Amino acid sequence: MNDWIDIAPADGFPEGGHVVADLDGIPVAVFKLGGEFYAIEDACTHDGAEIASGRLDGGEITCPRHGARFCLKTGKVLAPPAYEDLTCFPVRVEGGMIQVRDARWD
Ligand code: FES
């Protein structure tokens, strides 16, 4: 899939806030951090829990189910019980809209 998908208006999106959207059947969580937008698959690599509602501490997010930690900017796993990185997606702001695309199959 190569199309950019509209997620939400960029204007007024709160710093530290997030929105979860459907990216062609994949739950994607988009966060605003330090004025930039980052998108991760909203599924923990440990046991598939949604992760967007986890505690955000700087650039790290903690899975609400068992406490695995990930870098929000890179998806890199930082603490067990997860051992695989989260999938990240490219994000851009176009015409005032936050857009995400699934670049895994390019
Ligand atoms: S499902 Fe996320 S740490 Fe277990």
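First, a convention: two strands pair here if DSSP finds at least two bridges between them. Strands themselves are DSSP runs of E with at least two residues, and helices are runs of H or I with at least four, numbered from the N terminus. This is a predicted model, in which local features need pLDDT of at least 70, side-chain atom pairs count only at pLDDT 80 or more, and totals for chains, interfaces and linings use all residues. Residues are numbered from 1 along each chain as its sequence is written, and side-chain values use heavy atoms, with hydrogens and water left out.

β10 and β11 (residues 97-100) are antiparallel and joined by four bridges. Within β11, Ile-98 is the residue opposite Val-93. Both strands belong to an open three-stranded sheet, ordered β1-β11-β10 with antiparallel pairing. Its edges are β1 (5-9) and β10 (91-94), each pairing on one side only.

Now β4, residues 36-41. Five of its six residues are buried, meaning under 20% relative accessible area with a 1.4 Å probe, protein chains only; exposed is over 50%, and partly exposed lies in between. β4 runs antiparallel to β3 (residues 26-33), with six bridges joining them, and Val-30 faces Ala-39 across the pair. The two strands make a hairpin with two residues between them, where Gly-34 in the turn has a positive phi of about 60°. β4 also pairs with β9 (residues 88-89), antiparallel, over two bridges; there Cys-88 is the bridge partner of Ile-40.
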